[in-house]
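The following exercises ask the reader to work from a model to a description of its parts. Each task is followed by a solution in steps.

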Amino acid sequence: MENGAQPTSEIIDLEAIQALKESAALELKEQGNQYVKMGKKHYSDAVDCYTRAINQKVLTNSENSVLYSNRAHVNLLLGNYRRALTDSEEALKLCANNVKALYRAAKASLSLNLLTEAKSFTKRGLEHDPGNEEMRKLASKINSLKIEQDKHETEVSKAVAEAKTILSAIEERGFKFGKAMFRELTGLRKPVLDKNNIFHWPVLILYAEAMSSDFIEDFCEMDMFSAHLDMMFSESAPSLPWDSENHYTREAIELYYEAGSTNLLSKSEILHYLLEGTVGACSEINNDKKDKFVGSNHGKGSSKWVKVNEKHKLSDILKEPNFVIPGIPVFYVVSKRSAFYKEFKAGKWTVPSLHSE
């Protein structure tokens, strides 16, 4: 016998052991198949058999590919979609044209909402087996869902882009934006930018004396307050139902805002606010609490209530150093003829509890 040569008896023994392990692996495979047929109570036994067969490490790549694919099938039945996908991918590494593995990979990906991956698996499957009806049905379902997903993602991207554009416009103008107030009155109303990059704000008008409200749905930032007040308190306009003494006339009313009425928000918090009620509401926005606007150290001045010059434009008032937009602009109307006026001017009146969100 030559030096280094393996004795014939040892070779025979190794071959016998190999044959026994191959036989055991194939037997475990068949046993696993039987367990699958026996129903859900035996699925875990089937997984165990396929795993033990794989661990024998004696079968061909093609045979092991089948084992991984079979285990993927059981994991799909058990709802273990991530494991099913992993097993399917292992099967495909060993045999790229394993159509059942491609089908199961597609199903697992679909269950995990990985539609791009699912579409790719069905495409590959149909390339190998164009006549596979089950694969065609699955591919059709996945394609429909992918179209819907792409449409939704486009809508989300558009909503986020619009919100970011509004945020940039707010920042460029030096507006200070705070936590929304009076949400039970304002709902989900938001500012919009027209094609000329001009803001149109919904504006809440509160009558402090009665805490009733009016809305100006479209207050262009270039409009003067006097123009809107002229319309609201014109002779043809209906009188306020609670103003029995007719104190709230055009010449008698004054307009105020509350200085520093709410806490400032970061850019990411403003984006979240602007996206509320849109398809982009669940978008992940980087929430940087330090991301405050420049000039956030606003002062309230000597008085909580600041009188609005009616000849000023809305944008002028929104730029005031102590004006914080509480979601949408809020202004208070009082009448010089009312007894309430003295109380208000003396700073004895405070906003009721519905003040905050």
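**Exercise 1.** Which residues in H5 meet which residues in H6?

*Solution.* The model under study is a predicted one. On the side of H5, the residues are Val 99, Leu 102, Ala 105, Ala 106, Ser 109 and Leu 110. On the side of H6, they are Leu 115, Glu 117, Ala 118, Phe 121, Thr 122, Arg 124, Gly 125 and His 128. Sorted by class, the residues of this contact comprise eight nonpolar, four polar and two charged.

**Exercise 2.** Determine how H5 and H6 are oriented to each other.

*Solution.* Begin with the geometry: the axes of H5 and helix H6, which spans residues 115-128, come within 8 Å and cross at roughly 160°. Next, apply the cut-off: an angle over 145 degrees counts as roughly antiparallel. H5 and H6 are therefore roughly antiparallel to each other. Finally, the handedness of the H5 and H6 crossing is left-handed.

**Exercise 3.** Carry out the analysis for H5 and H7, and describe their contact.

*Solution.* Helix H5 covers residues 99-111 and helix H7 covers residues 133-173. The two pack at an angle of about 30°, and their axes are 11 Å apart. Angles under 35 degrees count as roughly parallel, and H5 and H7 are therefore roughly parallel to each other. Their crossing is left-handed. H5 contributes Val 99, Leu 102, Tyr 103, Ala 106, Lys 107 and Leu 110 to the contact, while H7 contributes Glu 134, Met 135, Leu 138, Lys 141, Ile 142 and Leu 145. By class, nine of the residues are nonpolar, none is polar and three are charged.

**Exercise 4.** Is Ile 198 buried, partly exposed or exposed, and what does this residue touch?

*Solution.* First, locate the residue: Ile 198 lies in the loop between strand S2 (192-193) and strand S3 (199-207). Second, compare its accessibility with the limits: buried means under 20% relative accessible area, and exposed means over 50%. Ile 198 has a relative accessible area of 22%, so the residue is partly exposed. Third, list the contacts: leaving aside residues up to four places away in sequence, Ile 198 touches Arg 173, Val 192, Leu 193, Cys 220, Glu 221 and Met 222. The C-alpha atoms of Ile 198 and Ser 315 are separated by 9.9 Å, with the two residues 117 apart along the chain.

**Exercise 5.** How many helices and strands does the protein chain have, and what percentage of its residues is buried?

*Solution.* The secondary structure comes to twelve helices and eight strands. Of the 357 residues in the protein chain, 43% are buried.

Note on methods
Residues numbered from 1 in each chain as written. Predicted model: local features only at pLDDT ≥ 70, side-chain atom pairs only at ≥ 80, totals over all residues. Heavy atoms only, no water. Axes fitted to C-alpha atoms, helices over the stretch in contact; angles between N-to-C directions. Helix = DSSP H or I, 4+ residues; strand = E, 2+ residues; numbered from the N terminus. Parallel < 35°, antiparallel > 145°, perpendicular 65-115°, else oblique. Left-handed = near helix turned anticlockwise from the far one by under 90°. Contact = heavy atoms within 4.5 Å. Nonpolar A, V, L, I, M, F, W, Y, C, P; charged D, E, K, R; others polar. Buried < 20%, exposed > 50% of the residue type's maximum accessible area, 1.4 Å probe, protein only.
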